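Trainee: I would like to learn how to read the features of a model like this one, step by step.
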Amino acid sequence: IMSVLKRKRKQSKLEVYNHAVKMRKDLTMFLLRDLGTKRTVRNMRIRTDNMEPQDADLLLGITEKYNLTKFPGDYPEWLIEKLRDSIWDYLRGIVENITMAYSIWATNESEANERRICQDRAIGYCESILKEMELAIEILPVDVEKYMPYVESITKEIALLKGWRKNDNKRFSELKK
C-alpha cells in the first residue's frame with residue numbers, strides 16, 4: 001500500500017471545522033470545571049453520595065437550616081464568571097465564523113474578502129482565548145500543565161485556519177485579475 005507523502009497531502013476541507021467543534025467541546029468541559037480550579041464539573045447542588053447516611057442527613061439539615069446554597073471558594077466567583085463568559089463567547093465566535101466562511105463560495109472579490117474576514121475573526125477569537133487563559137493562569141490557583149492541552153489545541157486551530165486562508169489566497173488571486 002502506497003501513501004502520500006505528508007508534505008504533499010492536502011488539508012481536509014472540514015478539518016478546520018471539525019477541530020474547532022472538538023476544541024469547543026473540550027474547552028466547554030474545562031469551563032465547567034471552573035477553568036481548572038476544580039477536579040469535577042461544577043455542580044451547584046451539594047453531593048452526598050459518598051457520605052455515610054447519617055453524615056449526609058446532618059449536612060443537608062445544616063444547609064437547609066441556614067439556607068446555604070454555595071460555599072465560599074478560594075477566589076472570587078465573579079472572576080470565574082467573567083473569564084468563563086468571555087471564553088464561551090469566543091468559542092461560539094470561532095465556530096460561527098468558520099461556518100459563515102464555509103458558506104461563502106467566492107465568485108468575486110467582494111465575496112472573497114468577506115470569507116477572509118470571517119477567517120481572520122476566527123483566528124482573532126483563538127488569540128483572545130489564549131489571552132484569557134494567560135490571565136487565568138496568573139490569577140487563579142491552577143496548575144499551568146492543566147492548560148497545556150488546551151493551548152496546544154488552540155494553537156493547532158490557528159495553524160489550520162491560517163493554512164485554509166493561505167489556500168484561499170492562492171485560489172482568489174485569480175478573481176482579482
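Trainee: What share of the 177 residues of the protein chain counts as buried?

Mentor: Buried means under 20% relative accessible area, exposed over 50%, and partly exposed in between, with a 1.4 Å probe and protein chains only; here 31% of the 177 residues count as buried. This is a predicted model, in which local features need pLDDT of at least 70 and side-chain atom pairs count only at pLDDT 80 or more, while totals for chains, interfaces and linings use all residues. Residues are numbered from 1 along each chain as its sequence is written, and side-chain values use heavy atoms, with hydrogens and water left out.

Trainee: How many helices and strands does the protein chain have?

Mentor: Helices (H or I, at least four residues) and strands (E, at least two) are DSSP runs, numbered from the N terminus; the protein chain has 5 helices and 0 strands.

Trainee: How do I read the packing of H3 and H4?

Mentor: Two packed helices are described by the angle between their axes and the distance between the axes. Axes are lines fitted to C-alpha atoms, for helices over the stretch in contact, and angles run from 0 to 180 degrees between N-to-C directions. For H3 (residues 77-103) and H4 (residues 109-139), the axes come within 8 Å and cross at roughly 160°. Angles under 35 degrees count as roughly parallel, over 145 as roughly antiparallel, 65 to 115 as roughly perpendicular and the rest as oblique, so H3 and H4 are roughly antiparallel to each other.

Trainee: At what angle do H3 and H5 pack?

Mentor: H3 and H5 (residues 144-172) pack at about 20°, with axes 13 Å apart, which makes H3 roughly parallel to H5.
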